[in-house]
Every structure is written in structure tokens, then in C-alpha cells.
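Dear colleague,

Please find the structure below, handed over for your study. A summary of the findings follows it.

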2 protein chains.
Amino acid sequence: MADAVRVLSMEAVHRAKSGHQGMPMGMADVATVLWTKFLKYDPKNPDWADRDRFVLSAGHGSMLIYSLLHLTGFKSVSMDDIKNFRQWGSATPGHPEYGHTAGIETTTGPLGQGLATAVGLAMAERHLNARFGDDLVDHKTWVIAGDGCLMEGVSHEAISLAGRLKLNKLIVLWDDNNVTIDGVATIAETGDQLARFKAAGWAVKAVDGHDHGKIAAALRWATQQSKPVMIACKTKISKGAGPKEGDPHSHGYTLFDSDIELARKAMGWEAESFTVPAPIKKAWEAAARKAAKPRKDWEAALKVSSHAADFKRAMTGELPAKAFEALDAHIAQALEIKPADATRSASGAALAQLVPHIDDMVGGSADLTGSNNTFVKGMTAYDTDNYGGRYVHYGVREFGMSAAMNGMALHGGVIPYSGTFFVFSDYSRPAIRLGALMGIRTINVLTHDSIGVGEDGPTHQPVEHLASFRAMPNLLVFRPADQVEAAECWKAALKSTTTPSLMVLSRQKVPAARETGDNLSAKGAYEIRSASSEAKVSIFASGTEVSVAIAAQKELEAQGVATRVVSTPCWELFDAQDEAYKASVIGSTPVNVAVEAAVSLGWEKFIGQDGIFVGMTSFGASAPQDVLYKQFGITKEVVVEKALAALK
Amino acid sequence: MADAVRVLSMEAVHRAKSGHQGMPMGMADVATVLWTKFLKYDPKNPDWADRDRFVLSAGHGSMLIYSLLHLTGFKSVSMDDIKNFRQWGSATPGHPEYGHTAGIETTTGPLGQGLATAVGLAMAERHLNARFGDDLVDHKTWVIAGDGCLMEGVSHEAISLAGRLKLNKLIVLWDDNNVTIDGVATIAETGDQLARFKAAGWAVKAVDGHDHGKIAAALRWATQQSKPVMIACKTKISKGAGPKEGDPHSHGYTLFDSDIELARKAMGWEAESFTVPAPIKKAWEAAARKAAKPRKDWEAALKVSSHAADFKRAMTGELPAKAFEALDAHIAQALEIKPADATRSASGAALAQLVPHIDDMVGGSADLTGSNNTFVKGMTAYDTDNYGGRYVHYGVREFGMSAAMNGMALHGGVIPYSGTFFVFSDYSRPAIRLGALMGIRTINVLTHDSIGVGEDGPTHQPVEHLASFRAMPNLLVFRPADQVEAAECWKAALKSTTTPSLMVLSRQKVPAARETGDNLSAKGAYEIRSASSEAKVSIFASGTEVSVAIAAQKELEAQGVATRVVSTPCWELFDAQDEAYKASVIGSTPVNVAVEAAVSLGWEKFIGQDGIFVGMTSFGASAPQDVLYKQFGITKEVVVEKALAALK
């Protein structure tokens, strides 16, 4: 049966003249034992909520999972798809893509991230198990990882977090073949992986990755541990590929016609290309039917469960209306009281309305809880004796945190949010990108969003980060100006079910900016102050600089210059508006100014090539924040002066 | 003597009402033993090439190093600077900044990176030792790291790389105080750090971090190992702070007037605020004089060394003229032959000219040597038995690689370059940022720069990365169009001694674009094709899309539409040109088109608010690259069609 995986993988790569057969052939035995004897899944119901999750962290070996999906009878991967491996429109892209092919639990390819995402899948499982009980949620998360995955830094964050949280339903199968692209892995890595995982609190074991009996024994052992499990599967790369078996150069597309012939001979495989002999296909499908058996019991349990309605709602990600009612009341009050506040506090205030009403929200922080305002009173810590806790102490692991959040969102039943400093979004960036690519809902709270950080200095002051994330497709970058906008942005973020969001928030206090209007942030940009007569100047700003813009407007109006102010809390939502609305917001005043305590890249779209930009052109510095705003010239005075000069 | 460090740290933080006294007070004993008995340095010659490097990876504890610099007599930190801790213009910013304060070897603050940078410092030391001998280069690299540093993923890449390379002159002192911002460290981390480092090939030991005798014995032991060394220094946070000693909440600014009083009492410290009793200051300076003794021997050795001239040249970073002569000849030949090539090959061809002439260049790749074209024939691998090797197999460790490159550049004597896929620049980004902030010369070769990656699909296809790096201050983002531009960009990158560079290069082949002109890439953007008469259309493009632009121009000209083409290999160099040049390049044609296989963010600066952008608005897909260009509409036909439509 394993040879079917090998042949399909080898032939698909050969036909595409692109891809990797080394890993699928090497791990075919381990995968076959797993998918025929241990994995809980149902090809007819790929979305069954309590299925085991299988993550191919070494995503370049995508033909492994495509072969498995095809052989076990998933409709999503036909033999034509396998023939069209890596071609436009096929279900079999170069790396497995979530949402593109049923049976793929997460997009993988950027090494290490599959493992880190799996930690989030396993965290969500334990959390929902605590919430809904063994009857509804009780499954494992299996990972196949390669040498590259274990070299990536994020693997450290993932395994130390999993070890700390004793995620015993997480099982990692390491393809220990001692090969990476540049040759034998030892040219770059000589560490003892088993000792390393053990030091992080994992149960570990090594096994011959080609001995089915030993593999089965090891997997059985793995399911009985009280810690996360790592099994080093000693394999030969391209196992079965005749003379190319074990050759470091057989990692990627390197088997030519004659090699394929020799490999088929070595395996004794006589079927035509891209056909699987009926008895073998039947054996695979029979194994899959067995793997699907628990589904009926589970459905029966769901039917009688008192949690059924809430469980189903949670898994679809629907939000209770009462949460938004509470938020709207909070907004109405803010419009009334007009509180001066840091926008991180404003975000915390919005969360205080949402978290009690949305049980699915699981928060956290990368060791900056007090600074990020992500903790809401009444939450308890997610811990080994309290997996039902809704607040995760992620530790100083920004990337691991964001990847785990992806995993939770992918699992379903959890809406993850968490915090760090905006400048450290650079650490999380690869996971945020993967979330954007997968189209899932995670909310990254990013406080300390500019030189407003103050004394911590340039290492802690983002200046390029807004532009760098505005460049990323399918991501909402929110930068609210005050308490009203912060609440509106949270609403928009939660309602964006197929797009991750960043909440970019200030450390320092700002006056209330919004005086009136309903849910204007949802349009991305809007006129927050109109001019007293036909406007001569438009000032565009986001976040804390909206108050600078409003102060400048007052001054200009006082000097007889009609001026309007546009707040731009979310460029991406603005881009999605119709042309007429966009034109009305951009306007056509003779002078256009943008104010943002960040670099100018992209602002031309609001202010044109001749617009005036008041912001940063360099990294920041260490000093109290008010001193920095003055020194870097991001003040009402500068805006007024430049606008007046341009009017002349 | 250690109490002097404690009091200065505590008082500076108290006065600034900002900063962290917990670590400086906790590690004062270890630092005192190190700086008075082991560290090789000279306060009068902070740039002495063979000094030991000291890296405060836990950069938030900056008052530790400022105290040490002041006490040992560095001119760079006066008592006024200590009083002005974290204030505008002082030598004592919130986090230590390289280039700002003599004695600071690297900017730290973003956790984990100090340690990863130190690996590069230690790699450079071994390399230059192999090149110039023990007489000229033979020193240690010491690191103080905190719990946060060891939680960050990059710490894994750093320690496994250092372990692999047996960097025995690298010694890490871990401030094992079990405290992070959110509380006791065990809320997020329970791993066994000693076992973890041991698994990575390090020598490890634990010591009481307040017992000077035991600390000295441990440091002595550390200097005798054949592997990198990690010593867990068991400390109490805020040691000496009376009742606040050991309190997890005393990490940052939390000691108030009464606490300071109690702490002084506990330490028996009676001197006025911001004064150090003369005998104590003298003892510190005497220790520093002792630490500086080897400098004279070293200078004598340098005088008689046959390597003296080359060593001095290398340490200043000056480049031999012959390298550029070779490069210019190569460019002349390329203008003649007009080779069609992938720009990654073009970069490799430029490297083949430079590497043999510039001994200081040390290359490498994060396990993508064959793909990145970073290896030049004749190079040997940097390895434990060949530290003189100039090619580093960094493994799948993009972030660790870029941080190590920063360390090499900071050390001096090495000009590091290395490669990965452009999409994985996201992993390296925090280190690239730190390099830009420090103003050092590293060159990051980033191949596979667009949907031109083809079959590997969207996980491997950068679309937002150009914009995201163009947003970063003090960074040169090069995207050459062909062999001539690639060589010119390498020249510009090497000559930019205070700015890191990215070489963004294609996987796929493109025709030669440049026909004439000398070193035009140095201006960042220039007219590569002029119009046959007064231009009606300007087409702007970079990299592989320059050939699309040129093809479109031909077609438009054939249809009677005078069209010019501007190549934009480096926006940052273009921004630095004078206004007249910039205006002439941008021009004033009625129709402006930009073509780039990436997102549009920032292009308005060339094409205006009404310009036409032909590029990406989403992530890519998996298919052969020519199919993708067609499917995403980045073709000559689309450019022509849109330009004609706009002209009507």
C-alpha cells in the first residue's frame, strides 16, 4: 500500500517536472501506518469536527498528502488532479493550501510553521474539550516535520510552548533522513533533536521509519503519553527509488525516465502510469472506512448533547448579537463622555464588552499583558489544569503565538486574539502572512504603535510597519483614533471572517476625536471634521495623529482657511468602497496634507504626488514621547505652517 | 564594586521614571567579575580590533552596560549621561545603540537578537583568526541573555548554528532569575535550558550568580572549553533592592523614593545620588587598566606582522580597486553580448568577479545554495576544520543567518552576503531592520522574487515584499533587470558602507534590457528606452518586468504611440537624487503606467493618483510561471491595451 504513495508521488513530480518526491517516498511507510491504523478521519465528511488533524509541516512533500487523499477516497483529489500536479487551477498546488483542497488542514510550505500551527490546533482541541466534553471534542493532532522544520526558530517557540502546556494529543513524526537541499543535513545541523525535545518537556522515541510493525508500536505508545510526543522516524530519502534511494540529491525533481523505470522495477510495480491496481485502492478505501467509524457514534452523541446548539454555533464561527449590542451601547456612551485615552486602553475597553459575550474568544499576549490591554477581568489563564481558561500566556514567542492563533482559527470553535508590541509584528509576520493567505480570522493586538513609545527608543518604535502591512493582501490594518473608532474597528475585525486583522494601538493618551456618526470606521476612511466653507485644505491622518490633524484644522480655520479632516482607520476597507465614495472622501482641495507618525510610502494615494506629508523619514530615538513628536516635527504647528506655505 | 552598578542603575531608572533596574541589579555581580577579571578591553581605545566583544542581549537592562562603561572610564558615558538616561540626545538611550555610544558592540532590545548577532561576531573572530593568525585576532565574545532571549525562536537558530560550528570563544551568561514581564517565567516556560543547550552541542554549567568566587571559577572554566559555553547564573532580580529584591514586579520602573532609600540602606550605600565614592571608582578604573594591558603587546605584534597592511584595510572595510575593474570589464562584456539570463544568475556572475578579488567577502545561504547563486567556484565551506572557509552553510535558519551577518559586519574585517528566497525575507526581517538601524553593510541575496517562482505557489511567491522593504529606512532594495544592472547594483551595494542592501532577483530568465550607459543603476531609476518623438506614454518597471515594459513600448511605438521606459532598480537611490533629475525621470507624459509583479503600494510616486498599475492585487498561485504572468495579466498585451485605452 505504501508503494502506491511512492509511485503516485514519483510520477506526479516527474510529469510536472517540478516538486519533491524525496520526502513522500521516504515517509510513505510511516504515513501509511498512520492513515490506515491510527488517524481518525472520514473522506466522505472532511469537515467532521472531531476528526484528527493531520499537518504536513514539510509542505514541499505535498504529493504525500495528495496521494493519501486520493487513495483513501477524498473527492477533492482525483487522478486527474494528481496528473495536473502544480498546474493552474488543479486541486494539487505545489504546496498544500487550506481552503483550496478538502482534507488540507493548513497551508504549509514555509518551514516550521506547520508544526507551530499544529500547536494551535492542539491547544484549541484541549480548550474545546474542556468546554464541551469528551463526547464532542477528543481528537489528536499529527504532524510530519522535516529537518528544515526543526532548524527554523519558530520550531523552538512551538515545542517549548507545547511542552509547557503538556499538549499530549500532539504527536510529531520527524522525517529523520539527514538530508536538506544543500546536501546531508549535518553540514548545517548536528544537534540532538531527541534530547532537545525532551528538554522542552516532550516524550520522545526513535523508530525505524520503514518497519511497519515498529512504526505501529511507536504510534500506539505515542497515543498513551501525558506529554506531547516526538518520534524520530529514521528513513531513507526517496525510499524505493532503486539506485536513487538514499541519495541526498533526490530531494526534489531529479528522477528521470530511466530512474522511474528502475524504481518501478525495484518496487515490483507493474501498473500503468497514474493507475492504482484495484486491490490496492480497495485496501486503502477499506482502511478509510474503518477510520471513519467513530463518526457515527460522535453524531449520535452530538444529537443528545446539551451543548449541541452552542457547539455548532461555535464551530461555524457565528457571533452572538448581544455582543454587538453591548459594544454599540459602549460606543454611544463614548460619544457622550468623549474620554481621552490611549487607544490601547480604548481597545481594552472594547474587549471588556466583547469577551464576556463571546465565549469563543481566547486572548493572550507575548509576555506584555499589562501593556497590551488584552486581559479582561474574569478571564482565567489557559493552563495544564485549566484548558478551559481563555487567556494564554504565550511567553516571549511572537511568531509562535501568531502561528498558534492560526491553528486555533483553523480548528474552529475559537476566535483567537492576542497582543505584542507593534514593532515585534516583524517577528510574527510570516504567520500573519500565512493567515492572510489562508483567509482566516485572527486578531493581532499591536500596541506601542509609533515614536509615541517614547523612551524605549528606535528598536521599539515602529515607523515602517504600517506601510509594510498595508502592502499585504487580504489583511485588515486598523489604526483607530479614539475610543469610538477602536470599538468600531473591533466590530469590523470580528465580522471579517475570512481576513485576519491587526489592531494598531497607541501607548500614549489622545483626546477623543469622533463627535458623531454611526460605524464610520467600517468604510475605512471618512470625513471626521468638515470645513466651515468650501475647503482649501484636506488633512488626512490615522490613529493618534487624527488629533494632531484636528488641532491643525482648528488653527487653520481660526486663520480663515477652510479645512477638512479625514480619518483613515483602515485603508483596505476604504479601498473596497465604491469610486464615488472614495472620490468624495479624497476630495479635491488645492492643498492636501497627510499626518502619520510613520513613513510616507503609500500616502500618495490620498494626497497625490504633490501632497504634503508630515511624518517620519528615519528611525526614531529615545526620549519622552512629547519630545519626540516635537523633534521629528509631527505637530499641529508644522501641519499649519506647511499648509499655509503651500496655499501661497 | 558591584553595588556601584546597582545604585547607578536604580537611580538612573528612578530619575527617568522609565527603564529596567531588575536585570542590572540582578546581574551586577556576574558583570563585575567579568569586567574586572576576564573581559579584554580598553576604555581609552574602544575600537581596539582584538578586544573581547560584550553583548547585552537583554538590552532593556541597558543601565548595566552604561554603568560599566562609566565606571571603567569610557569617555562615552559621563555621569551627566547617566543622569540623562533615556532623554533626547543623551549617550544613554533606552536600549543600547551601536554607533551612538562607544563601547556598545551591537544594538539590542529586540530579544534574542543580541545572542544571534554574537554568533556572527564569534564566527568573524574565528574566520579572521584563521586568516591573520593568533597574534592579530584571538578574542572572546561574551553575552548576557535573559529568559526572554531564550524563549525567542531566533535563539534556537543561533545556538544550533554555534553548536554546529563549535564556536568555543562564545560564552553566554544567562540571567536565570525566573522572571519575565508577565510574572514568574514558569507561567510560560518550563523547559530545561541547560539540557537544551547541551543538545545543541554546548558546554553548560550552572552557578550562583551572586557568589563572586564561584562566578570567577565558572568563567575560568568557560574559557577552557572546546565548544560554545552557556552558564546559567542563578540570580535574584533586583538583588540589593531591600524588600523589592526578588520581586517579579521589580523588572521595570517600580522602585519609588522609599524603595530607593531602603535599597541604599540594605547595601550600606551612603554616597550622594549619582556619585560613586572615589575608592570604588578607582578600583574600577584600575581593573580596566589591567584589562587593557594586552593591547600594547597586540600593537607590537601588529607592527611586525606581515599581515598588517591587509588587516588594517580589512578592518576599515575598504575595497580593492581591482574588484571593480573586474566588474566593469564584466559589464562592458555584458553590454556587448547581451545575455538572456535569470537575474539570480546575473548576480552570480557579478559575484564571480568580486569574490576572488575581495577576500573580506564571506558568502552563504540558508540551505538554498544552488537556487541563490551565492556560491562562487573556488570557495570552501566555513567549517570547524576550516574557519578560513568563505562559504557558510547556514542551514534553514534565515533569521539566524541575517543576525549572524550583522555580527560579522559589526566585528569588521568581513563583508557578509548570503541568500534565501525573497519570500523568506519575512523570517529575516527583524535582523535586516536592526542592520538598517545600526547602519552596517550586509548584502542579502533574495532570489525567486515574484510569481515568477511558478509551481511552488503562493507560499513561495512574494507579492508584498518589495513594498514592505521599500518602507524600511536606511535600506537599499535593489531589483535589477538584467546582467548589467545586476553588476551595477552589486557595485552600489558594496560601496554603501552604512546601509544594508537587498538584492532581489528572479528565478526565471529574461532578455537583456540595457543597451548603453554607464553605471545608471547608481541613480536608482533612469530612462532605459527613450521615445521616438515627444512621449505620450511612460512605462515604469523594475527587474523582470522591465522586459515586459520594453516589449510593450515596441508595440506602442509600432502603433505610432511615442513611449519611453524607465527602469527603477533602486527607489532609495532615486529618492536621494536632486529634484531636477527626479522630475526628468518621472517626466510629464499624459499616460503613466507602472509594471511590477507585486502590489502597487508606493508606485503612485512615479505614476500619480491616476496612473495605471499592472501588477498583483492578491497572492499568487501554483502553476508554471508563464501561465501565471498571463493569468494575472502582467503582460505586454495588457500594458499596451491599458495605455491605449487611457490615451483615448
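**Cysteines, salt bridges and surface**

B:Cys489 counts as buried, because its relative accessibility is 0%; buried means under 20% relative accessible area, exposed over 50% and partly exposed in between, with a 1.4 Å probe and protein chains only. Please note that this is a predicted model, in which local features need pLDDT of at least 70 and side-chain atom pairs count only at pLDDT 80 or more, while totals for chains, interfaces and linings use all residues. Residues are numbered from 1 along each chain as its sequence is written, chains are lettered from A and ligands numbered from 1 in the order in which they are written, and side-chain values use heavy atoms, with hydrogens and water left out.

I begin with the cysteines. A disulfide is a covalent bond between the sulfur atoms of two cysteines; here the term is applied to a pair of cysteine sulfur atoms within 2.5 Å. The search of the whole structure finds zero disulfides over all chains. B:Cys489 is in no disulfide, as the nearest cysteine sulfur, that of B:Cys570, is 7.0 Å away. A:Cys570 is itself buried, at a relative accessible area of 0%.

Salt bridges come next. Over all chains, 72 are found, each being a side-chain nitrogen of Lys or Arg within 4 Å of a carboxyl oxygen of Asp or Glu.

- B:Lys281 pairs with B:Glu285, with 2.5 Å between the closest N and O atoms. Both residues belong to helix α12 (residues 278–292) of chain B and are four residues apart, about one turn of the helix; helices (H or I, at least four residues) and strands (E, at least two) are DSSP runs, numbered from the N terminus. B:Lys281 is buried at 18% relative accessible area, whereas B:Glu285 is partly exposed at 28%.
- B:Arg479 pairs with B:Glu545, the closest N and O atoms lying 2.8 Å apart. B:Arg479 is in the loop between β13 (476–478) and α21 (483–495) of chain B and B:Glu545 is in helix α22 (residues 545–558) of chain B, so the pair ties together parts that are 66 residues apart in sequence. B:Arg479 is buried at 1% relative accessibility, and B:Glu545 is buried at 0%.
- B:Glu515 and B:Arg529 meet in a salt bridge of 3.5 Å, N to O. This pair links distant parts of the chain, 14 residues apart: B:Glu515 lies in the loop between β15 (509–510) and β16 (526–529) of chain B, and B:Arg529 in strand β16 of chain B. B:Glu515 is partly exposed, with 46% relative accessible area, and B:Arg529 is buried, with 13%.

In chain A, salt bridges that share partners join A:Asp449, A:Arg470, A:Arg479, A:Glu545 and A:Glu596 into one network.

Finally, is helix α4 (residues 62–72) of chain A enclosed or open? Eleven of its eleven residues are buried, so the helix is largely enclosed by the rest of the structure. Among the buried residues are A:Met63, A:Tyr66 and A:His70. The residue A:Gly73, which follows α4(A), has a positive phi, near 100°.

Yours sincerely
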